[in-house]
Amino acid sequence: MRYIIIGAGAIGATIGGRLAESGREVVLVARGAHAEALRTDGLRLTTADGPRVHRLPVVAAPAELGELRPDDVLLLTVKTQDAIAALDTWGDAEVAGGGTAAQRLPLLCAQNGVESERLALRRFACVYGVCVWLPATFLEPGVVSALCTPLTGILHLGKAAGGTDRRIASVAADLEKAGFEAPVVEDVMRWKYAKLLGNLGNAIQATTGPEPDPAKAALLLRAQREGRAVLEAAGIGHVTDEEQATARDGKVDQPPGVRGGSSWQSLARGTGSVEADYLNGEIVLLGRLHGVATPVNDVLRHAANIFAREGLPPGAMSIADLTALADEAAARA
């Protein structure tokens, strides 16, 4: 199998680099300064094993590869706000022997949130979910670090619509050889909804900084309470905190001093967008559909988006000010 990593950022570059180290064929998809750095200097990936440079094929679009191969696996790792453009571009790509990628090739959604699987299933016949536990940092073009040990990360895999098959088992075997734990599960979306609850704090970290603070933990707890209430009202199951802790225990330990998470990094790179609409915004959407008030998550979604649109530096807001906005919204709800 050849792995085409659509969005070679923190997650995509780490998975792609580790797969390449283990002998798998990998193509990175990137644009702009990042693509230029990857082509010129290679992917400079640092893991717990140390720094390495991977010189891999880099493309911006399917046309640069010609016809795709029947053994290609598409790994979607762009942020969800960029997913539709990527899905349409790669879904229409022709595959040798006839048909398009959307008709013939497997697509793995290795992203935060739960919306990309739904977007993909509208276009692709064979869609898998990937619940990603892979702390990684991408702040400079061509440079990525993922320092967890003893494993680089944990990637739960399964069919987006539920169940498993031999193809995803083969992908999991490749990932296991590449330094990941890759459990194949019947209910991957239960894992992704649980991860969504954890990701509700991304907006807090992006706007007020990654440093731990009791007030930040308290605001996150309020957002998660709304999230759990919404999922219960919607009848959506998720794995428990205890299940997640057991799955990760002693397998993906982070060294001290690791920088902020994905939304904080997006602001630090000045990308102009964050995932908040598909993290906190997912909870807001479900709350409105099922009659559950979600004022905290709506404030977090709005604040993170303002930071992205206006190019504000990550961490420029005080947790006191953010909490006050959440209190005001809750009083109106």
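Q: What makes the lining of the second largest cavity nonpolar, polar or charged in this predicted model?
A: The residues of that lining divide into ten nonpolar, no polar and no charged. They are Tyr 3, Ile 15, Leu 19, Leu 75, Leu 108, Ala 110, Val 130, Leu 155, Val 171 and Leu 175, and since Ala, Val, Leu, Ile and Tyr count as nonpolar, the lining is called nonpolar throughout. Helix H1 (10-21) and helix H6 (166-177) are the elements that give two or more residues to this lining.

Q: Why is the space of about 50 Å³ called a cavity, and how many cavities of 30 Å³ or more does the structure hold?
A: A cavity is a set of points where a 1.4 Å probe fits but cannot get out, and the space of about 50 Å³ is the second largest cavity of the model. The structure holds two cavities of 30 Å³ or more, and the largest cavity has a volume of about 60 Å³.

Q: Which residues line the largest cavity, and how do they divide into nonpolar, polar and charged?
A: The largest cavity is lined by Cys 131, Val 132, Trp 133, Ile 154, His 156, Trp 191, Gln 244, Ala 247 and Arg 248. The elements that give two or more residues to this lining are E8, E12 and helix H10 (241-248). The division is six nonpolar, two polar and one charged; Arg counts as charged, and Arg 248 belongs to the lining.

Q: Why is strand E8 said to be largely enclosed by the rest of the structure?
A: Buried means under 20% relative accessible area, and six of the seven residues of strand E8 (residues 127-133) are buried, so the strand is largely enclosed by the rest of the structure.

Q: Why is strand E1 called largely enclosed, and which way do its residues point?
A: Five of the five residues of strand E1 (residues 2-6) are buried, so the strand is largely enclosed by the rest of the structure. Arg 2, Ile 4 and Ile 6 point one way from E1, while Tyr 3 and Ile 5 point the other way, and all are buried.

Q: What makes strands E2 and E6 partners of E1?
A: With at least two bridges needed for a pair, E1 is joined to strand E2 (residues 25-29) by five bridges, and the two run parallel; Ile 5 stands opposite Leu 28 in E2. The chain crosses from E1 through H1 to E2 in a right-handed β-α-β crossover. E1 and strand E6 (residues 72-76) also pair in the parallel sense over five bridges, and Arg 2 stands opposite Asp 72 in E6.

Q: What makes up the lining of the second largest pocket?
A: Of the 15 lining residues, Pro 295, Asp 298, Val 299, Ala 329 and Arg 332 lie nearest the centre of the pocket, which has a volume of about 300 Å³. The largest share of the lining, eight residues, comes from H13. The residues of this lining divide into ten nonpolar, two polar and three charged.

How values were computed:
Residues numbered from 1 in each chain as written. Predicted model: local features only at pLDDT ≥ 70, side-chain atom pairs only at ≥ 80, totals over all residues. Heavy atoms only, no water. Buried < 20%, exposed > 50% of the residue type's maximum accessible area, 1.4 Å probe, protein only. Helix = DSSP H or I, 4+ residues; strand = E, 2+ residues; numbered from the N terminus. 1 Å grid on protein atoms, 1.4 Å probe; cavity = no way out; pocket = protein on both sides within 12 Å on 5 of 7 lines; lining within 4 Å. Points joined across faces, edges and corners; volume = space filled by probe spheres on them. Right-handed = clockwise from strand over helix to strand, strands pointing away.
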